[in-house]
Amino acid sequence: MGFAGADSKQGKADAAAKKEKPTWTKIRGKYYDVRHFKHPGGNVIDLFLGMDGTSGFDSFHGHNKKAETILRALPVMKTVPENVPKQAEGHPEELAKYLKKWRDEGLFEPVPFQAGAYGGTIVALICLSVYMAPQYPVLAGLLVGTCWAHCGFLQHMGGHREMGAISFPWQHFFEGLCKGGSASWWRNRHNKHHAKTNVIGEDGDLRTTPFFAWDATLAQQVPDWSLKTQAFTFLPALGAYVFVFAYTVRKFAIAKKLWFEVFLMFAHYGVFALGLMASGASLSAGMTYYCTGYAWQGIYLGFFFGLSHFAVERVPSTASWLESSMCGTVNWAGSSAFAGYISGFLNIQIEHHMAPQMPMENLRKIRGDCKAMAKKFGLPYRELSFVDAVVLMMGGLWKTGQEVSERCTSYRTPLD
């Protein structure tokens, strides 16, 4: 199944939506009036206005009894609203059935031993990198950059609440103190990525312009010279792009008055400064160490994220959770535990998008069920080798860059 013409259809849908924004969402067969509802998790609920939000609710709030109580308190519309978009039938019910099955099997229970061992190893390696910094600042920087990337993977676990009661403290520790970022900024952006995976204009992780593009629509926002060379500049540029994120994150935290998270950012700098001074690192060695690490984490994170998302097809906003999870993601080396830990389990993205709150170590256990759902509804289940995933991602950059550039050149050439 594909979404041919999704970009143009989505543009028409967006234009229609701007005229009159719906004030309802459909959950488990009921139409809820949410015009006066202030969602505790932010404006991610807006992405489900005017359509079925059942799978989004079940996937984001399956852990939360309070969310069920809030849902029951919302007013239910007595009549079916007008202009209900046509969406795939049976998808929310099928996913709900499997989510219950996985909960009954205990697959959503935290796995503290594995997660603790993973996190402890990364913290120990960060300490080792600080110790190495005076003599080998570049090598130590590459090590700490790798560790910061894995701090990103570890905080990802907390942000999805897979650590149970300690999820948010866990996320603040790895994202704030260890990495110098903002847990709230990440949740605000990442929840929308899950809600509207690979939907242009709604999935913030597709905002790679004006630097790169994997599809003709976004390529219009990238200069021709950049498109022609993007297959070669992609990885190095990720190291620079992460510094742009640093500014965005800090601006967000201050604008939202997230003072605890701002404190953690300053504490992050303080801890590393004290550690480098204690290890005997000079100012130049310390700066080389930190900047190398910061750039390398951007390359590491961006590379592994891109393997699973960037080169696959874009989907319309009205796609079901099953459709966006299957069509907007791809697995690579999904049976390998080693590949899982190296990539922070970004190699099992289909399963992660189906059950975002499931501990990463359990995702391999539901591959058979996800394949069965894909087969039942005629959806793709794409699983590649690591090499094939790299070829798909980098080849997508090259193909898009060359095709769009050729069309632009042809358009500008005077007719004979």
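Student: At what angle do α6 and α8 pack?

Tutor: This is a predicted model. In it, helix α6 (residues 137-159) packs on helix α8 (residues 183-195) at an angle of about 75°, and their axes are 11 Å apart. Angles of 65 to 115 degrees count as roughly perpendicular, so α6 and α8 are roughly perpendicular to each other.

Student: Which residues meet there?

Tutor: From α6, Q155, H156 and G159; from α8, W186, R187 and H190. By class, that contact of α6 with α8 has one nonpolar, four polar and one charged residues.

Student: Switching to α4. How many residues does α4 have, and how far does α4 reach?

Tutor: Helix α4 (residues 91-104) has 14 residues. From first C-alpha to last, α4 reaches 20 Å, close to the 20 Å expected at 1.5 Å a residue.

Student: Which residues of α4 are buried?

Tutor: H91, P92, E94, L95, Y98, L99 and W102.

Student: Why would residues three or four places apart point the same way?

Tutor: An α-helix has 3.6 residues a turn, so residues at that spacing point the same way.

Student: What do the buried residues of α4 pack against?

Tutor: Against α2 (54-61), α13 (321-327), α15 (349-354) and α16 (367-377).

Student: And which exposed residues sit on the face turned away?

Tutor: E93, K100 and D104 are the exposed residues on the face of α4 turned away from its buried side.

Student: What follows α4?

Tutor: G106 follows α4, and the phi of G106 is positive, near 80°.

How values were computed. Residues are numbered from 1 along each chain as its sequence is written. This is a predicted model: local features need pLDDT of at least 70, side-chain atom pairs count only at pLDDT 80 or more; totals for chains, interfaces and linings use all residues. Side-chain values use heavy atoms; hydrogens and water are left out. Axes are lines fitted to C-alpha atoms, for helices over the stretch in contact, and angles run from 0 to 180 degrees between N-to-C directions. Helices (H or I, at least four residues) and strands (E, at least two) are DSSP runs, numbered from the N terminus. Angles under 35 degrees count as roughly parallel, over 145 as roughly antiparallel, 65 to 115 as roughly perpendicular and the rest as oblique. Contact means heavy atoms within 4.5 Å. Ala, Val, Leu, Ile, Met, Phe, Trp, Tyr, Cys and Pro count as nonpolar, Asp, Glu, Lys and Arg as charged, and the others, Gly among them, as polar. The expected span of a helix is 1.5 Å times one less than its number of residues. Buried means under 20% relative accessible area, exposed over 50%, partly exposed in between (1.4 Å probe, protein chains only).
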